[in-house]
Amino acid sequence: MASKSLSPTEALAQPLTLPCGLVLPNRLVKCPMQETLAAAPLFDPPIDKFRNLYGQWAQANYGLIITGQVQIDIRFLSITGDVVCHPDSLSTPHLEKWKEWAQIAQSGGTPCIVQLAHPGRMSPVGAGNRPADMPPLCPSSVPVKLSDAWLEKMAIQSLLGTPKAMDLSEIDHAVEDWKRGARVSAAAGFKGVQLHGAHGFLLSQFLSPHTNRRTDEYGGSPEGRMKLLKRLVTEIREEHPAPFCLSVKLNSGDYMAKGGLSQDEALEQVRWLVSCGMVDFVEISGGNAEQKKSGLHNSFVEKSLSKAPKIKESTRIREAYFTEFAERVQQIEDKKCPIQLSGGFRSRTGMADAILSGACDLIGLGRTAVMEPDIPKRLLLNTELNDEEALALPHIVRGQWFSNMIPVKVVGSGLPIQFFYLNMRRLGNGLKSDPDKSIPGLVVSAIVDTVRSGFVGLVEKVMDTLGSFSKVQKIE
Ligand SMILES: Cc1cc2nc3c(=O)[nH]c(=O)nc-3n(C[C@H](O)[C@H](O)[C@H](O)COP(=O)(O)O)c2cc1C
């Protein structure tokens, strides 16, 4: 635990050495956020765009950068534009792109690790290379349900379908894909990997009794639900000992009304991770796509602070959503690794308080890192700015009325997060984030982009046809 006599800036500026020996220059972590910038058919790292995007994060003085989720199976993406680690990623010219990405992301001296993921049943048809008649995978065949409305059910059915319960060979296949992800990340020069075990993706589907109703060794009990995660941690660590960094992002609970992952079971899952001696840090988050009442979704509309709160010993500043759970984790007796807490942080004082009170060791910054990519250097670690001024922009997304008007929740409730995807794409295209963009504006931009790319695609097709025609002419 950090000393309480430190100032807020000093608390955040403290370096941290992870159990694997990797030194993080300070406590601010750029959270994993899928960039939606990679292109079909192979979804390799889009280097020109990453030069703009990761180049900014690299120069911003974070203590650690975690990439957006990289999908381990090209058939199952969580959204079009996810980077994919595919069977050829270890060979030329694909690995070169990975190496360049690692070099750009770490060019400012901050280490970077790759988040590896599989969306499981949250994989929309058309996002990856899976044929339209192939169902997404899940530990058990539990379809996604947002409400009982027939329109909603129809939309979900056509977008996600009913997932297929994975058989043992499909689980083995996914494990090999995850291991390839770690191999590619190491060969590229990244400092480690993080397994995405949160937010209702495949690993978290295995961990939750709502989606894991198996009766074999991969389910049936809290121990069984942990088996896949334990297997991945053990096998990846065996192949990549220290100084390779191995992290896991986990939910503090599903926050579902009934049948989901309880906080007590989540605590047992974290207990194993933090005490097994194979994991370098655990990132704590919460919620899933079926539960829109989590902190992230509320904060799109919530009233916001206009100046940073003061640190007082008697009243802890609890701006992070999952602080209470993180405090329970910190009390685990044989804990061997630090905890990153993500979700809701905006003020320097709030972040410092979370560290000084011992709630966590690392501060995850998600939406703030999109809207103000340079925030560690410009504001949070800048001793020339006083604590009251050291406050990130609110996470409010304008024009929420538009999402509320859309009768299909799966579309409407997904719109605010599109605001952050759009802003990440702006950064990737060399523009600045635009905090004033509203949801209706976002929808108009999406329509214009689709029409424009349709037009460009058409021109490209015509040029291709003319090109091949002229080649044929020459050969003849
Ligand atoms: C646009 C966007 C993309 C995200 N993508 C990922 C992801 O790929 N992997 C992940 O673990 N979390 C993802 N998250 C969640 C963030 O890592 C973080 O946990 C969450 O935004 C809460 O932190 P914040 O309040 O600082 O935004 C994403 C969040 C946003 C806004």
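Which helix contributes the largest share of the shell around the ligand?

## Basis of the model

This is a predicted model, in which local features need pLDDT of at least 70 and side-chain atom pairs count only at pLDDT 80 or more, whereas totals for chains, interfaces and linings use all residues. Residues are numbered from 1 along each chain as its sequence is written, and side-chain values use heavy atoms, with hydrogens and water left out.

## The ligand shell

Helix 16 (residues 415-428) provides the largest share of the shell, 4 residues; helices are DSSP runs of H or I with at least four residues, numbered from the N terminus. In total, 20 residues surround the ligand, the closest being Pro32, Gln115, Gly344, Gly366 and Arg367 (a residue is near if one of its heavy atoms lies within 4 Å of the molecule). By class, the shell comprises 9 nonpolar, 9 polar and 2 charged residues, with Gly counted as polar.

Polar contacts are pairs of N or O atoms within 3.5 Å. A polar side-chain atom of arginine 367 is 2.7 Å from a ligand oxygen atom. A side-chain N or O atom of glutamine 69 lies 3.1 Å from an oxygen atom of the ligand, and a polar backbone atom of glutamine 34 lies 3.1 Å from a ligand nitrogen atom. Of the 610 Å² of accessible area that the ligand has on its own, the protein covers 97% (Shrake-Rupley method, 1.4 Å probe).

## Threonine 323

Threonine 323 is located in helix 10 (residues 323-330). Threonine 323 counts as buried because its relative accessibility is 7%, buried meaning under 20% relative accessible area with a 1.4 Å probe and protein chains only. Leaving aside residues up to four places away in sequence, threonine 323 touches Arg318, Leu341 and Ala359 (contact: heavy atoms within 4.5 Å).

Notes. A polar contact is a pair of N or O atoms within 3.5 Å; within protein, one must be able to donate a hydrogen and the other to accept it, and residues adjacent in sequence count only if both atoms are side-chain atoms. Helices (H or I, at least four residues) and strands (E, at least two) are DSSP runs, numbered from the N terminus. Buried means under 20% relative accessible area, exposed over 50%, partly exposed in between (1.4 Å probe, protein chains only).
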